[in-house]
Amino acid sequence: MSGIVVLFHPSGAPVDLGLLRRMTAALSYRGPDRHEARSLGRVGLGHAMLETTPESKGARQPTTLEGQVWITADARVDGRAELVRELGSKGRRDLRQATDAQLILHAYHCWGRACVEHLIGDFAFAIWDAGRQRLFCARDRFGVKPLYWCHRGETLLVASDVDSLRIHPRVSAELDEVAIGDFLIFGESQDPGRVEYRDVQRLPAAHRLSADSAGVRRDEYWTLPLDGHLRLAGDAEYVERFGELFRTAVADRLRTDRAAVVMSGGTDSTAVGVVAARHMKRTFPRAEPKALTIVYEELLTDDEEGRYARLAADAVDMPLELLVADRYGLFERAEELASWHQLPRLEPSLAMWADYWARCAAHGRVALTGL
């Protein structure tokens with residue numbers, strides 16, 4: 001994950017670069033490799049980089065192709081080969097080594113706001129189109145990458161997290177009572193665009209947002225298709241087709257030789273782990289996949305997560321590390337870890353998960369789960 005931030009004054013007022021830099025710095029936990037902020041007159045773009053792919057090594061953001069259209073993105077574009085071929089049919093060349101942000105820019109040059117209809121993967125990005133004097137933002141189809149926004153008077157703010165937005169003096173700390181009520185009853189807001197702060201909104205999954213001097217517009221660009229049918233000759237072909245798609249999906253997320261797999265003893269994460277380990281060892285000569293599993297030794301005496309995870313890990317010669325959940329108390333280190341979540345979240349085992357993700361991060365910058 002990387003982090004992005006945008007300050008936009010549709011009226012034409014210049015951006016406060018110092019404020020933009022402070023908002024970008026607040027994203028350093030998301031992107032420790034590089035922080036950059038750029039003022040482009042009435043708009044400012046900030047980026048905190050986390051390198052997770054070969055193409056992102058040393059890459060700079062915000063970035064542009066020709067000085068008129070700029071992007072800041074937290075993105076992993078899947079199906080790169082297919083997208084490169086599609087862009088090639090539009091006259092775009094030499095894209096195999098392009099960063100994911102550059103591919104999104106090329107797609108925007110070809111299709112404008114409809115570019116998101118040609119993208120798959122996990123992404124949240126903002127594009128400043130100087131020719132049209134338009135800001136264009138979008139979030140991926142399942143909302144894996146976060147994106148929040150705030151429109152106050154003559155200022156539009158967009159960022160990867162709420163704390164970055166709250167640095168701006170126009171964003172108040174007043175709470176949204178409806179969202180707080182939802183949290184107390186359901187554990188989360190029932191409105192996908194609402195968060196617990198009054199001035200901040202979440203851009204829902206599969207939505208795009210455009211802003212210019214005429215105002216701010218938000219719309220949904222995709223919904224899960226429910227009327228399609230896949231007709232194959234028999235059970236074996238369905239299994240074969242699923243396996244093909246599953247292997248492709250896992251491979252898209254593994255453009256690295258070091259990855260951790262959050263692997264239980266269940267079906268989903270175990271299948272991901274086995275396919276991931278095999279793919280990495282075929283693709284990278286020095287691949288280092290590693291599995292991590294949470295187990296119980298006392299609270300659940302019949303817990304077999306570890307045994308089944310060990311069987312799967314051994315089958316593909318993948319190291320397995322166990323984290324014993326019984327050793328953690330409820331709400332342990334709650335005050336210390338309160339900043340982990342900027343919005344309310346009921347998580348009594350936060351200390352365990354903090355240690356778990358720290359172990360994943362110590363091994364590599366990519367972690368796969370059964371989700």
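The model is predicted, so local features are reported only at pLDDT of at least 70 and side-chain atom pairs only at pLDDT 80 or more, while totals for chains, interfaces and linings use all residues. Residues are numbered from 1 along each chain as its sequence is written, and side-chain values use heavy atoms, with hydrogens and water left out.

The secondary structure of the chain consists of nine helices and 16 strands. Helices (H or I, at least four residues) and strands (E, at least two) are DSSP runs, numbered from the N terminus. The chain is as compact as a globular protein of its length, because its radius of gyration is 22 Å, close to the 21 Å that the globule rule gives for 371 residues. Here the radius of gyration is taken over C-alpha atoms, and the globule rule is 2.2 Å times the number of residues to the power 0.38. Along the principal axes, the C-alpha atoms fill a box of roughly 65 × 50 × 45 Å.

Of the 371 residues, 47% are buried. Buried means under 20% relative accessible area, exposed over 50%, and partly exposed in between (1.4 Å probe, protein chains only). The accessible surface of the chain is about 18800 Å², and carbon and sulfur atoms account for 50% of this area. These areas come from the Shrake-Rupley method with a 1.4 Å probe; for residues, only the protein chains shown count as cover. Among contacts (heavy atoms within 4.5 Å) between residues at least 6 apart in sequence, 61% join residues at least 24 apart.

A nonpolar core is a set of buried Ala, Val, Leu, Ile, Met, Phe, Trp, Tyr and Cys residues joined through side-chain atoms within 4.5 Å. The largest such core has 26 residues, and the members that touch the most others are Ile71, Val116, Phe125, Ile127 and Phe136. At least two residues of this core come from each of β5 (69–78), α2 (80–88), α3 (100–111), β6 (120–129) and β7 (134–139). Helix α3 supplies the largest share, seven residues. Another core lies apart from this one and has 21 residues, including Leu254, Ala309, Met318 and Leu368. Beyond its neighbours within four places in sequence, valine 116 is in contact with Phe123, Phe125, Phe136, Ala138, Arg141, Arg208 and Tyr221.

Strand β6 also holds aspartate 122, which is buried, with a relative accessible area of 12%. Aspartate 122 and arginine 253 are 131 residues apart in sequence, and their C-alpha atoms are 9.7 Å apart in space.

Several backbone features occur in loops. The peptide bond from glutamine 61 to proline 62 is cis, with omega near 0 degrees; proline 62 lies in the loop between β3 (43–49) and β4 (63–64). Aspartate 94, in the loop between α2 and α3, is not a glycine but has a positive phi of about 55 degrees. This aspartate 94 is exposed, with a relative accessible area of 79%. Phenylalanine 331 likewise has a positive phi, near 60 degrees, and is found in the loop between β15 (320–324) and α9 (350–363). Phenylalanine 331 is partly exposed, at a relative accessible area of 47%.
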